[in-house]
Amino acid sequence: MVNQIVRASLLTLLAAGTASFAQDGAATYKAKCQMCHGADGLAGTPAGKSTKARPFNSQDVMKMSDDDLIKVTTNGHGKMPAYKGKLTDAQIKDVVAYIHTLQK
Ligand code: HEC
């Protein structure tokens, strides 16, 4: 069991170097962001509503640059928690890439 987990994490680390951004970003999003921002990124969850998170496909968020999105995720903003020290820079980049897939 533990071995399997270790092996799975190693595989994830290996894969992270190559192609699977979207997949890693999706996993991070599901674990850390979805409870507020919603599976669809529209922030329709109870936590999203009570913190007044905006839908990722709203005009205001659509016009933010990757740098802006990365900054908000790293440092937090208003009720948005900061993920500095909780996620690596690479994980934050991947999760922002995943957010773009929710902006369609
Ligand atoms: C506790 C609820 C909560 C969680 C968990 C959360 N967010 Fe947020 N997020 C918010 C709120 C509220 C805002 C709006 C902040 C403001 O007032 O500008 C926000 C804003 C953002 C923004 C800026 C764009 C916007 O909608 O204003 C990004 C990007 C973002 N969050 C990404 C993430 C990512 C990535 C995660 C997971 C690693 C995450 N959030 C987890 C509540 C949350």
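Student: Is His 37 buried or exposed, and why does it count that way?

Tutor: His 37 counts as buried because its relative accessibility is 14%. The term buried means under 20% relative accessible area, exposed means over 50%, and partly exposed is in between, with a 1.4 Å probe and protein chains only. Keep in mind that this is a predicted model, where local features need pLDDT of at least 70, side-chain atom pairs count only at pLDDT 80 or more, and totals for chains, interfaces and linings use all residues. Residues are numbered from 1 along each chain as its sequence is written, and side-chain values use heavy atoms, with hydrogens and water left out.

Student: Ok, and which residues is His 37 in contact with, leaving aside its neighbours within four places in sequence?

Tutor: Tyr 29, Leu 42, Ala 43, Ala 53, Arg 54, Phe 56 and Met 80. Contact here means heavy atoms within 4.5 Å.

Student: Switching to the metal: which protein donors does the iron atom of the ligand have?

Tutor: They are His 37 through NE2 and Met 80 through SD, at 1.9 to 2.0 Å from the iron. His 37 sits in helix H2 and Met 80 in the loop between H5 and H6, so the pair links distant parts of the chain, 43 residues apart. Donors are N, O and S atoms within 2.8 Å of the metal (3.2 Å for Na, K and Ca), and water is not among the atoms, so sites may look incomplete.

Student: Why is the arrangement around the iron octahedral?

Tutor: Because the six donor atoms subtend angles of 87 to 180 degrees. Six donors count as octahedral if opposite ones are over 155 degrees apart and all others between 65 and 115.

Student: New topic. Which residues lie nearest the centre of the largest pocket?

Tutor: His 37, Ala 53, Val 72, His 77 and Met 80, out of 22 lining residues. A pocket is an open set of points on a 1 Å grid over the protein atoms alone, where a 1.4 Å probe fits, with protein on both sides within 12 Å along at least five of seven lines; lining residues have an atom within 4 Å of a point.

Student: And where does the largest share of that lining come from?

Tutor: From H2, with five residues. Helices are DSSP runs (H or I, at least four residues), numbered from the N terminus.

Student: How many helices and strands does the protein have?

Tutor: Six helices and zero strands.

Conventions
Helices (H or I, at least four residues) and strands (E, at least two) are DSSP runs, numbered from the N terminus. Four donors count as tetrahedral if all angles lie between 85 and 135 degrees; four count as square planar and six as octahedral if opposite donors are over 155 degrees apart and all others between 65 and 115; anything else is irregular.
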